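Hi everyone, thanks for coming. Let me put the structure up on the screen, and then we can walk through it together.

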Amino acid sequence: MPLYPRRAAAEPAGPLTLGALLAQVRAALHHRFPDSYWVVAEVAEMSRPRQLGGHCYLTLTEPAAGAEALGFTAQARATLWGSRYQQLAPAFAEATGQELRPGLRLLLRVKVTFHEQYGFSLDVLALDPSYTVGELARQRLATLRRLQEKDLLERQQELQLPLGPQRLAVISSPTAAGFQDFVRQLEEAPYDFALTLFPALMQGEDAPASIRAALDAIRARQGQFEVVVLIRGGGAKTDLLAFDEYGLAAAVASFPLPVLTGIGHERDEAVVDLVAHRALKTPTAVAAFLVERLGRLEALVAELADRIADRSHQHLARHQIHLQRRAGQLREAAHQQLRQAQDALTQRSRQATLGPRQHLRQLGQQLVSYRYTLPRAARHSLAHEEQRLRRRSRTVLRRFARHHQRRREQLMRQRYLMQQEFIRLSKNHELKIMGYELAGLKRENLLIRKHFTNRQLSAVTLPKK
């Protein structure tokens, strides 16, 4: 211990007010940091001026050490005043080819300021354009290179997205506003969707492991789903760092089912978006995509049904015309055969009556020659012959009548059989044609029924509310 100890600082007579204490802090900081300093920091958040001459407010961070680390070890607010922003921002964009934005790691010349009301802040005096790519961007590029080396960037694109996915495995936070918007939009759609939520953390250091665990749970039940939907609402750039992690991106890229993402606002694009099968900007955009895809499928099915109906009508019309043509041909053939049979019958009838008439004429001539020589004999013979002739005539007439009747019955029977055969052939042709058409319609209806049966079975998991 020194011989003469240092005298303790005099304590204030009474308690200080908050304003007095903060005034002393401001004076101490001004005395300790009187100059401006070059500082390396990363822009985590940025609020651009809303009007000409407005100020730009930044949130500067120092990321945690380690290539796979998340979060930051230091954070401070910074202000780029309006007049200086009008000078520095265009010069930075011209020198680097990109505008100031979150995620850039910058070299800034700042001055330490402290205000009793607004607290600690840094005034940005200058920017060094040589620092244009921040640590977050470099990690992102390294992650993309690793994915490219392992052939994972386009693996999801090789999967076939179903025409109308309705069995959805959703990875999200159950309390997130984005998930609620997603569910609400699907419920308002005219289609039924079977949603199964797999809860997971959507930000923070534990988010990648939580999302990978949800993917593993879906993988064990992948036969129950058609697509995987990974959604969360917007947020700060630092809140979305989990979706740039290599392990999560690789798990999404190698997943056996198509993965649809709706992460963040329209200005955000994570590595997971780049490796997914389809990346949409917001959860509501994912819901709109699914509803629109089902709408296009429904329109396609309706169009195919109309085309099938038109083809069926055309097919039936062609076969109806062909059947009518065949029926006319058969009818004409039947009439022609009937006319030929009638002509033959008339000719045979004439031939059958010609013989008895000639015989009668001969007998008459003989009687005339005997009339003068043998009048009595002639009369007797004539009477005898007349009786015999009458008997023979009656016999001939009866035979002719029976022969004519049998022939007429044969012709009528033949005509009836021909008509029956014509009717039978017509019916057989009609039945064959109807059988072909019915078989085709059954096959087409079976395919449509199987498709809608699969849709109805998939809708059982979560019926529309």
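Before I point at anything, one convention: two strands pair if DSSP finds at least two bridges between them. Helices (H or I, at least four residues) and strands (E, at least two) are DSSP runs, numbered from the N terminus. This is a predicted model, where local features need pLDDT of at least 70 and side-chain atom pairs count only at pLDDT 80 or more, while totals for chains, interfaces and linings use all residues. Residues are numbered from 1 along each chain as its sequence is written, and side-chain values use heavy atoms, with hydrogens and water left out.

Let's start with the barrel. Strand β1, residues 36-47, and strand β4, residues 105-115, are antiparallel partners joined by seven bridges. If you zoom in, you'll find V40 opposite L107 in β4. On to β2, residues 56-63: β1 pairs with β2 in the antiparallel sense, over five bridges, and there E42 has T61 as its bridge partner. Next, β2 and β3, residues 72-80, are antiparallel too, with eight bridges; Y57 has T79 in β3 as its bridge partner.

So what order do the strands of the closed barrel follow? The five strands run β1-β2-β3-β5-β4, with mixed pairing. From one strand to the next, the twist averages 55 degrees. Helix α1, residues 18-32, lies across β1, β4 and β5 (119-128), and runs at about 135 degrees to β4. For that angle, axes are lines fitted to C-alpha atoms, for helices over the stretch in contact, and angles run from 0 to 180 degrees between N-to-C directions. Contact here means heavy atoms within 4.5 Å.

By buried I mean under 20% relative accessible area, with exposed over 50% and partly exposed in between, using a 1.4 Å probe and protein chains only. In a regular strand, side chains alternate between the two faces of the sheet. In β8, V227, V229 and I231 are buried on one side, and V228, L230 and R232 are buried on the other.

Which strands pair with β8? β6 runs parallel to β8, joined by four bridges, and V170 sits opposite V229. β9 is also a parallel partner of β8, over five bridges, with I231 opposite G262.

That brings us to the packing. A nonpolar core is a set of buried Ala, Val, Leu, Ile, Met, Phe, Trp, Tyr and Cys residues joined through side-chain atoms within 4.5 Å. The largest one has 33 residues, and I171, V228 and F243 touch the most other members. The largest share, seven residues, comes from α6. Leaving aside neighbours within four places in sequence, F243 is in contact with M202, I211, L230, R232, L248, I263, A270, V271 and V272.

Finally, the overall numbers. The chain has nine helices and 10 strands, and 32% of its 465 residues count as buried. Among contacts between residues at least 6 apart in sequence, 71% join residues at least 24 apart. Thanks, and I'm happy to go back to any view!
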